[in-house]
Amino acid sequence: MQTPWVRHAINEINADFQRSADTHLIRFKLDDFPGIHFYLKDESTHPSGSLKHRLARSLFLYGLANGWIHENTPIIEASSGSTAVSEAYFARLLGLPFIAVMPASTAKRKIEMIGFYGGDCHFVADPCQLYSESERLARELNGHFMDQFTYAERATDWRGNNNIAESIFRQMSHEPFPVPHTVIMSAGTGGTSATLGRYIRYQGHDTRLLVVDPQHSVFFDYWQSREKTLRSERGSLIEGIGRPRVEPSFLPDVIDEMMKVPDGATIAAMLQLEKVLGRRPGASTGTNFWGMMQVAKRMRENGEQGSLVTLLCDSGERYPDTYYNAQWVEQNIGDIAPWVRELQ
């Protein structure tokens with residue numbers, strides 16, 4: 001039987017959702033691509049500042065409905081930052097302790113936001129230790145390991161209920177090309193790409209799903225080989241996307257195409273998009289935008305018209321010390337000039 005506290009917790013999350021507005025779908029045109037309309041779903045405007053707000057809400061509801069989260073249950077999550085920020089937001093809403101297990105290299109602003117929402121950070125030197133450390137802490141504290149990398153694809157109702165895909169297609173309904181030619185998305189857990197791919201098929205839309213993958217991530221190689229034991233010796237430099245192992249939430253069969261994006265191309269695209277929007281996007285959005293531009297080039301070459309949609313995952317204001325710091329980029333990623341020229 002559901003306890004009064006669990007009933008209260010679910011009501012609190014649902015009430016928070018009712019207080020929230022949907023995120024904007026930003027349209028822009030580029031002169032060099034006539035007949036192609038570009039759209040960004042701006043997920044940076046969620047209360048906790050990123051796309052992961054949707055995931056965190058779903059994961060909490062999933063854990064509560066499954067009987068895994070109770071009053072005073074410590075919540076532990078393996079995260080490079082944005083998911084942890086969003087989960088810290090909901091943990092504070094419910095009065096629960098929260099610990100984020102994250103790489104020591106995580107952006108300072110994200111660490112500060114986790115602390116702002118009352119969460120604690122537990123750092124590991126090797127990103128591949130995130131899982132084992134999270135499991136250990138959950139056992140020792142009698143807490144619940146959220147495990148976004150396992151449950152992201154199943155915690156979200158991909159058929160509807162205002163998921164990211166339903167929201168995009170609803171907002172596109174009055175546009176000149178209401179059914180997108182391609183939706184472009186990067187993969188972190190794989191949950192968002194799974195939701196998009198499933199929804200597109202469920203609704204029968206003639207839309208392709210392109211998933212872009214950064215360097216040092218195994219998703220692209222897994223999509224090609226279906227080898228689940230693939231491992232990368234290091235983690236992705238693009239926070240929030242790319243994984244050193246194949247995650248259970250990543251579903252390759254709902255994806256039409258994948259593209260590997262070099263880190264230099266990601267940063268170049270991020271900086272170019274800043275000029276288009278007049279504000280700073282995060283690096284994962286740069287990866288998305290690079291993929292979007294490659295599709296646009298193919299469409300132009302083929303004489304095609306249509307709409308392209310991707311996500312603005314979080315704000316670049318979280319990364320002043322890294323992606324928007326030229327010295328850091330030079331030291332960690334290298335010369336991005338060739339990628340800048342390719343976008344011009």
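Guide: Rings of Phe, Tyr and Trp, the last by its six-membered ring, pair if their centres lie within 6.5 Å. The model discussed here is predicted.

Visitor: What is the order of the strands in the open sheet?
Guide: The sheet has 4 strands with parallel pairing. Strands β5 (120-124) and β6 (144-145) each pair on one side only, which makes them the edge strands. The order is β5-β4-β3-β6.

Visitor: Which residue in β5 stands opposite Pro103?
Guide: Strand β4 covers residues 98-103 and runs parallel to β5. The two strands are joined by 5 bridges. Opposite Pro103 stands Val124.

Visitor: Which strands does helix α5 touch?
Guide: Helix α5 spans residues 130-141 and packs on the sheet. Its direction makes about 160 degrees with that of β4. The strands in contact with α5 are β3, β4, β5 and β6.

Visitor: Are α3 and α4 roughly parallel or roughly antiparallel to each other?
Guide: The axes of α3 and α4 (residues 108-116) come within 8 Å and cross at roughly 10 degrees. Angles under 35 degrees count as roughly parallel. The two helices are therefore roughly parallel.

Visitor: How many nonpolar residues does the contact of α3 with α4 have?
Guide: From α3 the contact takes Ser82, Ala84, Val85, Ala88 and Arg92, and from α4 Lys110, Met113, Ile114 and Phe116. By class, 1 is polar and 2 are charged. The number of nonpolar residues is 6.

Visitor: Is the aromatic pair of Trp68 and Tyr151 stacked, edge-to-face or tilted?
Guide: Trp68 sits in the loop between α2 (52-65) and β3, and Tyr151 in helix α6 (residues 148-155), 83 residues apart. The rings are 5.3 Å centre to centre, with 55 degrees between the planes. Planes under 30 degrees apart count as stacked and over 60 as edge-to-face. The pair is tilted.

Visitor: How many residues apart in sequence are the parts that Phe219 and Phe250 tie together?
Guide: These two rings form a stacked pair, 4.3 Å centre to centre with 15 degrees between the planes, and both residues are buried. Phe219 lies in helix α9 (residues 219-225), whereas Phe250 lies in the loop between α9 and β9 (257-261). The pair ties together parts whose separation in residues is 31.

Notes
Residues are numbered from 1 along each chain as its sequence is written. This is a predicted model: local features need pLDDT of at least 70, side-chain atom pairs count only at pLDDT 80 or more; totals for chains, interfaces and linings use all residues. Side-chain values use heavy atoms; hydrogens and water are left out. Two strands pair if DSSP finds at least two bridges between them. Contact means heavy atoms within 4.5 Å. Axes are lines fitted to C-alpha atoms, for helices over the stretch in contact, and angles run from 0 to 180 degrees between N-to-C directions. Angles under 35 degrees count as roughly parallel, over 145 as roughly antiparallel, 65 to 115 as roughly perpendicular and the rest as oblique. Ala, Val, Leu, Ile, Met, Phe, Trp, Tyr, Cys and Pro count as nonpolar, Asp, Glu, Lys and Arg as charged, and the others, Gly among them, as polar. Buried means under 20% relative accessible area, exposed over 50%, partly exposed in between (1.4 Å probe, protein chains only).
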